[in-house]
Amino acid sequence: MSAMVEARGVTKAYGAVTVLKGVDLTVRAGEVTCLIGPSGSGKSTFLRCINHLEQHDAGELRVDGQLVGYEQRGDKLYERSLKQICGQRANIGMVFQRFNLFQHLTVLDNITIGQVKVRGTSEDKAVQRARELLHRVGLDAKEKNYPSQLSGGQQQRVAIARALAMDPKLMLFDEPTSALDPELVGEVLDVMRDLARSGMTMIVVTHEIGFAREVANSVYFLDQGVIEESGEPNQVLANPRSERLRSFLSKVL
C-alpha cells in the first residue's frame, strides 16, 4: 500500500515554546493510526498541521504524495495560494472535539452546503448523498432538526457525515468523544469502527485506548512533542518499553 500521510522531522513552535520536535510518521492508505499521549503533547497540533490549519515550521509533510501547504520550486519551499490550500483541504475530512456544526442550518443543510459550494455538486445529488450518509450514521429521522435539538453524540455523528460528504481520501479525528457524556461515546465509536472496516484512511487523536487496541493498525505515543514509542497496538499498548508510556497507560486504563 502507498503512503497516504508521510511526516518527516515536522516541527512547530509558538514563540519560545516548541510543541512538535521533529515528528516522523507514516500512514498507509486504508490504515487507521491512533495518536495517544497526555494533554499538551502536540497531538492536536500535529493533526491540524496535516490539513494546514497550522503551518509547520520545519520538516516535510505530505498527503497522498503532495506537500501540504507548500510547493517546491528549485531548492526552496513556497506557501501555496489560499485556493490551492483549500483544494487540498477538500480532500481531507476533519472531525473536531466540539462538532463545529453550523447552528443556523438544519442537519441536512449542514451536510449539503460543502458539497454544493466547494464540490459544485447539484442540490439534488447533494441531498441524496446527505440522506445516504445520515442513514449510515443512524440519523435518518433527524435531517430537519437543528444542531441545538440534538444530543452531543448525534451532533458528532452529523459532523462525521458532513466530512464524509466531501468524499475525502483521509479522515482526521481530534478527540471526537472527549466532549461527550460517557453514555454517548459508544454511538460515535461505532460509526468510526464502521468507517475503519470500509477501508477509510484515518488518523485519530484519542484517549479511548480500547478503541485504539481494537481498530488501529498502528499507535503513536507522543509526549512533549516527541514520539516516544510507535508500533502495532498489541506491542505499544500491551508491552510498552518506556517508563513514560507505562505511567501514561496506568492513568488512562
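How much space lies in the largest cavity? About 30 Å³; some notes on that and on the rest of the fold follow.

1. A word on the model. This is a predicted model, in which local features need pLDDT of at least 70, side-chain atom pairs count only at pLDDT 80 or more, and totals for chains, interfaces and linings use all residues. Residues are numbered from 1 along each chain as its sequence is written, and side-chain values use heavy atoms, with hydrogens and water left out.

2. The overall build. The protein chain has nine helices and twelve strands (DSSP runs numbered from the N terminus: H or I of at least four residues for helices, E of at least two for strands). Its radius of gyration, taken over C-alpha atoms, is 18 Å, close to the 18 Å of the globule rule for 253 residues (2.2 Å times the number of residues to the power 0.38), so the chain is as compact as a globular protein of that length.

3. The sheet. Four strands form an open sheet in the order β2-β1-β4-β5, with antiparallel pairing (strands pair if DSSP finds at least two bridges between them). The edges are β2 (17-28) and β5 (66-67); each has a single partner strand, so one side of each is left without a neighbour in the sheet. Two bridges join β4 and β5, and R62 has L67 of β5 as its bridge partner. Helix α1 (residues 43-50) packs on this sheet, touching β1 (3-14), β2 and β4, and its direction makes about 60° with that of β2 (contact means heavy atoms within 4.5 Å; axes are lines fitted to C-alpha atoms, for helices over the stretch in contact, with angles from 0 to 180 degrees between N-to-C directions).

4. The cavity. There is one cavity of 30 Å³ or more (on a 1 Å grid over the protein atoms alone, points where a 1.4 Å probe fits but cannot get out; lining residues have an atom within 4 Å of a point). H56, G59, E60, L61, L67, V68, Y70 and L77 line the largest cavity, and strand β4 (residues 58-63) gives the most, three residues.

5. The largest pocket has a volume of about 630 Å³ (a pocket is an open set with protein on both sides within 12 Å along at least five of seven lines; a volume is the space filled by probe spheres set on the points, joined across faces, edges and corners). Of its 24 lining residues, R89, I92, M94, R162 and M166 are the closest to its centre. Helix α3 supplies the largest share of the lining, six residues.
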